[in-house]
Amino acid sequence: MRTLGMLAVVGGLVTSGMALAQSPASPPRPAPPALDKAGDVPDSQKLERSTQALGGMRESLRQVFEKVEEARRTKDVVKLNCANEKLTQIKGLLRISEQADVALQEAVSKSEAAPGEHEFTKVMIAQQKVGQLRSEAEECIGQLAFRTDENLFVEVEEPDNLPGGDPTRPPPPPDLIVRPPPASPVD
């Protein structure tokens, strides 16, 4: 019972994190595949799936690292910062998953169901989050996305009904007329 409650809390945190990570301008992402209940997965498959998940996360780490290196080569600071942030998060999730995998192996060897289910769930949630971060790293755009072609030609058509003259250069003020003082004082 405690494992299911923890699964709901962790799943809720991951789901809310996914909603916050999406920007309003980006198209909605497809929903991640539903997690199998850890209690429904046999121990041998838990170990196998955990190992596969770690391999996939390591591959995602490699791909995002390549994005970071590409941004360094092109000296694109904006893209480098974005991809590096995703890389750091993936490293943290991978570290947690590796520790959970070791704890899962210990729990399976001792035939402890609850701790094994908990560790298996942690690995599976981390796998989903790493997949999301890899997708976000691929969407990182840098300075080059904002540059335009140097040979770009813009033609501006001026409407005929505009007042004449250049509005950035107003005409000079009219000459100031100074009156001479009166010739004789008035008493």
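**Figure 1. A disulfide joins Cys-82 to Cys-140 in this predicted model.** The two sulfur atoms lie 1.9 Å apart. This is the 1 disulfide counted in the structure. Cys-82 sits in helix H3, while Cys-140 belongs to the segment after H4. The pair thus ties together distant parts of the chain, 58 residues apart. The link of Cys-82 and Cys-140 is left-handed, with -70° about the S-S bond. A disulfide is a covalent bond between the sulfur atoms of two cysteines. The two partners can be told apart by their cover. Cys-82 is partly exposed, at a relative accessible area of 24%. Cys-140 is buried, at 6%.

Figure 2. Along the sequence the pattern reads α-α-α-α. Of the 187 residues, 26% count as buried. The accessible surface of the chain is about 13,900 Å². Carbon and sulfur atoms make up 57% of that surface. Among contacts with a separation of 6 or more, 78% are between residues 24 or more positions apart.

**Figure 3. Confidence is lowest in helix H1 and highest in H3.** The mean pLDDT of the chain is 78. Of its residues, 73% reach 70 or more. Helix H1, residues 2-21, has a mean of 43, whereas H3 has a mean of 93. Over residues 1-33 the pLDDT is below 50. That stretch has 24 contacts in the model beyond near neighbours in sequence. Where pLDDT is low, the predicted coordinates should not be read in detail.

**Figure 4. The largest nonpolar core has 23 residues.** Met-57 and Val-123 have the most contacts inside this core. Helices H2 (43-73), H3 (77-109) and H4 (113-138) each give two or more residues to the core. H3 gives the most, with 9 residues.

**Figure 5. Met-57 is one of the buried residues of H2.** Which residues is Met-57 in contact with, leaving aside its neighbours within four places in sequence? They are Ile-90, Leu-94, Ser-97, Val-123, Ala-126, Gln-127 and Val-130. Val-123 is the residue listed beside Met-57 for the most contacts inside the largest nonpolar core.

**Figure 6. Helix H2 has a buried set of residues, covered in part by H3 and H4.** The set is Lys-46, Ser-50, Ala-53, Leu-54, Met-57, Ser-60, Val-64, Val-68 and Ala-71. An α-helix has 3.6 residues a turn, so residues three or four places apart point the same way. Lys-75 follows H2 and has a positive phi, near 55°.

Figure 7. Just after H3, Ser-111 takes a positive phi of about 60°.

**Figure 8. Lys-122 lies in helix H4.** Is Lys-122 buried or partly exposed? Lys-122 is partly exposed, because its relative accessible area is 32%. Lys-122 and Leu-93 are 29 residues apart in sequence. In space, their C-alpha atoms are 9.5 Å apart.

Conventions. Residues numbered from 1 in each chain as written. Predicted model: local features only at pLDDT ≥ 70, side-chain atom pairs only at ≥ 80, totals over all residues. Heavy atoms only, no water. Core = buried A, V, L, I, M, F, W, Y, C linked by side-chain atoms within 4.5 Å. Buried < 20%, exposed > 50% of the residue type's maximum accessible area, 1.4 Å probe, protein only. Helix = DSSP H or I, 4+ residues; strand = E, 2+ residues; numbered from the N terminus. Contact = heavy atoms within 4.5 Å. Areas by Shrake-Rupley, 256 points an atom, 1.4 Å probe, with all protein chains shown as cover. Disulfide = S-S within 2.5 Å. pLDDT = per-residue confidence, 0-100.
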